[in-house]
Amino acid sequence: FTLTVLISGLMAQLRDMGTAYLHLSQFNCRKAIECLNNLPPQHYNTGWVFSLLGKAHYELSEYQQAVR
């Protein structure tokens, strides 16, 4: 039972991260930022997520936020 719950939780996190990446690849930058901001802290506070956020803000010409 607990393995099934763990796996479904992991799949949900991967789906959310993949959705954000899909939005960014389609230049739906606001949606990508929204998806990334909804990630739990252990996933949000990673270099991969920060690089996607920087790219999304850069594409929106929000250069000050992209640097952060």
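Tutor: Happy to! This is a predicted model, in which local features need pLDDT of at least 70 and side-chain atom pairs count only at pLDDT 80 or more, while totals for chains, interfaces and linings use all residues. Residues are numbered from 1 along each chain as its sequence is written, and side-chain values use heavy atoms, leaving out hydrogens and water.

Let's start with the pocket (an open set of points, on a 1 Å grid over the protein atoms alone, where a 1.4 Å probe fits, with protein on both sides within 12 Å along at least five of seven lines). The largest pocket holds about 190 Å³ of space, a volume being the space filled by probe spheres set on the points. Its lining (residues with an atom within 4 Å of a point) is made by Ile33, Asn37, Tyr44, Phe50, Leu53, Gly54, His57, Gln65, Ala66 and Arg68. Two or more of these lining residues come from each of helix 2 (29–37), helix 4 (47–59) and helix 5 (63–67), helices being DSSP runs of H or I with at least four residues. Helix 4 is the biggest giver, with 4 residues. Sorted by class, the lining has 5 nonpolar, 4 polar and 1 charged residues; here Gly counts as polar.

Now follow the chain past helix 4, into the loop between helix 4 and helix 5, where you will find serine 61. Serine 61 is not a glycine, yet has a positive phi of about 60°. Serine 61 is partly exposed, at 47% relative accessibility (buried is under 20%, exposed over 50%, partly exposed in between, with a 1.4 Å probe and protein chains only).

The loop also holds glutamate 62, which counts as buried at 16% relative accessibility. Glutamate 62 forms a salt bridge (a side-chain nitrogen of Lys or Arg within 4 Å of a carboxyl oxygen of Asp or Glu) with arginine 30, and the closest N and O atoms are 2.6 Å apart. Arginine 30 sits in helix 2, so the pair ties together parts that are 32 residues apart in sequence. By this rule the count is 1 salt bridge.
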